[in-house]
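Me: I'd like to go through this one slowly, starting with the strands and then moving on to the ligand. Can you put it up?

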Amino acid sequence: MSADPLIDAQARAVLDRLEARDAEERQRGTSRAERLRQITPDVGRFLQALVLAARPRSIVEIGTSGGYSTVWIGTAARAVGGSVTTLEIDPAKVRLARATIDDVGLTATVSIVEGDAFAYLSGSAEPQDFVFLDAEKEDYLAFLELVAPRLKPGGVLVADNLTSHTEDLAEFRDAALSDPRLAAVVVPIERGELLAVRV
Ligand SMILES: C[S@@+](CC[C@H](N)C(=O)[O-])C[C@H]1O[C@@H](n2cnc3c(N)ncnc32)[C@H](O)[C@@H]1O
């Protein structure tokens, strides 16, 4: 049992609600487009630990869904005085994420941007401290090409699903692991997390 010191009772209640909904959707066979497709609690803890260690001023999350991962990242960002911009294309998910962030009291830390993350990232040359990638697997490689040049030295990229989607992400994995700008490894926890740091 983890203590989760940054997750207060309010946040715990919201995480429990989203975990129950995600599990029910998976069991019911809700369509992929509608499902929340959240990270697992231990990946939330992994992200929190990385944010606490790296102490980024700004964090970008690609793929908000209902805001479950955003709560884990956002509570750590708040603890280190950072902020989170989370990008989501589906308006129904954006509505749910706004309720999540309100209910946890993270509105001062988290900004939710509705729209295509490609458009958002292409339109900004801003150097990035910390990026969490959790969108459609077929887009990972294109996101890597956008994110890698924008990472500051010491900037961190984490991507979910490297071992759960081995085939779909083979090209992305090879590109990230062989990129001379990145010190990168696949951490074999849960669904497999790419951890890459800009050298
Ligand atoms: C796997 S889910 C994210 C789960 C979330 N990170 C969590 O753990 O709670 C992927 C999300 O990415 C969104 N998405 C897919 N392509 C996108 C894009 N190009 N721009 C913004 N959002 C996108 C989907 O609508 C979906 O809600």
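Me: Which residue of β4 stands opposite Ile 59?
Reply: In this model, which is predicted, Ile 59 has Phe 130 of β4 opposite it.

Me: And in which sense do β1 and β4 pair, parallel or antiparallel?
Reply: Strand β1, covering residues 58-62, and strand β4, covering residues 128-133, pair in the parallel sense, and four bridges join them.

Me: What holds strands together in general?
Reply: Strands of a sheet pair through backbone hydrogen bonds, and the pairing can be either parallel or antiparallel.

Me: OK, what is the order of the strands in the open sheet?
Reply: The sheet has seven strands in the order β3-β2-β1-β4-β5-β7-β6, and the pairing is mixed. Its edge strands are β3 (110-114) and β6 (182-187), each of which pairs on one side only.

Me: Which strands does α3 touch?
Reply: Helix α3 packs on the sheet and touches β1, β2, β3 and β4, while its direction makes about 160° with that of β2.

Me: And where does α7 lie?
Reply: Helix α7, residues 170-177, lies across β6 and β7 (193-198), and it runs at about 135° to β6.

Me: Switching to the ligand, how many residues surround it?
Reply: There are 19 residues around the ligand, and the closest are Gly 63, Ser 65, Tyr 68, Ser 69 and Ala 117. The elements that give two or more residues to this shell are α3 (68-79), β2 (83-88) and α5 (117-122).

Me: What classes of residue does the shell have?
Reply: The shell around the ligand has seven nonpolar, five polar and seven charged residues.

Note on methods:
Residues numbered from 1 in each chain as written. Predicted model: local features only at pLDDT ≥ 70, side-chain atom pairs only at ≥ 80, totals over all residues. Near = placed C-beta within 6 Å. Nonpolar A, V, L, I, M, F, W, Y, C, P; charged D, E, K, R; others polar. Pairing = 2+ DSSP bridges. Contact = placed C-beta atoms within 7 Å. Axes fitted to C-alpha atoms, helices over the stretch in contact; angles between N-to-C directions.
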